[in-house]
Amino acid sequence: MEFVSIVFILAGLFFLIVAAIGVIRLPDVFSRSHAVSLTDSLGAFLMLVGIAFHEGLSKNVLKIIAVLALLYIQNPVIAHATVRAALRAGLKPWQRETS
Amino acid sequence: MRPISSQFLVLKTTALFILWVMLSGRFDLFHLGLGVSLSFLVAWINSGHSPFVPRFQIWGKILLYFPWLFTRIVQSSLHLTKLILHPRLPIQPRLIRYESTLQEPPAVVLLGNSITLTPGTITAEVNGQLLLVHAMDEVSGQDVTSRRLESKIADIFGEKAPSP
């Protein structure tokens, strides 16, 4: 059980690190917000599943499920609000010049 | 002020109360009573604002839709991870104008949320049935441009599937 939880948490950490690298490497607000949404969709999910395995069957697992549900509801809302605000402020999405 | 749907009020109160019990973890009369009254108060304050009426017959289909969406999320996450870690950063960001055929506002909301929840695509603007989607590259936008996502949602709400 403990081993499974460690595997999940490490996998979650991997995606969190990839998201952080993405925020640094990607060129503009729009593509960076894609990287940020990677954090919530897989990074946090795998971390929380790992913590759930660590806890075993208890009422904390219910709380973790509630956190996951709320995270999956608010993640698209925040990403959409950020991108829409950037678009309305007049930012143009970065495009590759050679294409 | 809109007429209050009593069925919806009861449903909302119950949902909030379950959340209360889960988070407080105390079962004595004082805390349960406080929970019931506060849940009812919050549900009552909010009851005038929502035009959304729950339709139980579509909830089963929505529950079946989420696992499918989750497999798509995992696949596009892996694709995006590959893009980010690639030494040459082979991204081709683009804005896609997308005309949806969905009639009901909740269906459009579910479509926009699903697009944003999938890494690699974000709904940038919604205006009625016109969606502006920012996609990381061609592969990320495929589910949107092929109308696969939309036909799934049309199926949930019992609407006519879009022609590809």
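This is a predicted model: local features need pLDDT of at least 70, side-chain atom pairs count only at pLDDT 80 or more; totals for chains, interfaces and linings use all residues.

Residues are numbered from 1 along each chain as its sequence is written, chains are lettered from A and ligands numbered from 1 in the order in which they are written, and side-chain values use heavy atoms, with hydrogens and water left out.

**The largest pocket**

- Let's start with the largest pocket, which holds about 1800 Å³ of space. (A pocket is an open set of points on a 1 Å grid over the protein atoms alone, where a 1.4 Å probe fits, with protein on both sides within 12 Å along at least five of seven lines; lining residues have an atom within 4 Å of a point. A volume is the space filled by probe spheres set on the points, which are joined across faces, edges and corners.)
- Its lining counts 33 residues, and Ala69(A), Ile73(A), Ile62(B), Leu63(B) and Phe66(B) sit nearest the centre.
- By class, that lining has 29 nonpolar, 3 polar and 1 charged residues. (Ala, Val, Leu, Ile, Met, Phe, Trp, Tyr, Cys and Pro count as nonpolar, Asp, Glu, Lys and Arg as charged, and the others, Gly among them, as polar.)
- The largest pocket lies between domain 1 (6-46) and domain 2 (56-156) of chain B, because both give residues to its lining. (The domain bounds come from an automatic or database domain assignment.)

**The second largest pocket**

- The second largest pocket has a volume of about 170 Å³.
- Here 13 residues make up the lining, with Arg72(B), Ser76(B), Val139(B), Ser140(B) and Asp143(B) nearest the centre.
- This lining splits into 4 nonpolar, 7 polar and 2 charged residues.
- H3(B) gives the most to it, with 4 residues. (Helices are DSSP runs of H or I, at least four residues, numbered from the N terminus.)

- H1 of chain B covers residues 6-24, and its 26 Å reach from first C-alpha to last is close to the 27 Å expected. (The expected span is 1.5 Å times one less than the number of residues.)
- Phe8(B), Leu9(B), Thr13(B), Val21(B) and Met22(B) are the buried residues of H1(B). (Buried means under 20% relative accessible area, with a 1.4 Å probe and protein chains only.)
- Just after H1(B) comes Gly25(B), with a positive phi of about 70°.
- In H4(B), the buried residues include Ala107(B), Leu111(B) and Ile115(B).

Conventions. Helices (H or I, at least four residues) and strands (E, at least two) are DSSP runs, numbered from the N terminus. Buried means under 20% relative accessible area, exposed over 50%, partly exposed in between (1.4 Å probe, protein chains only).
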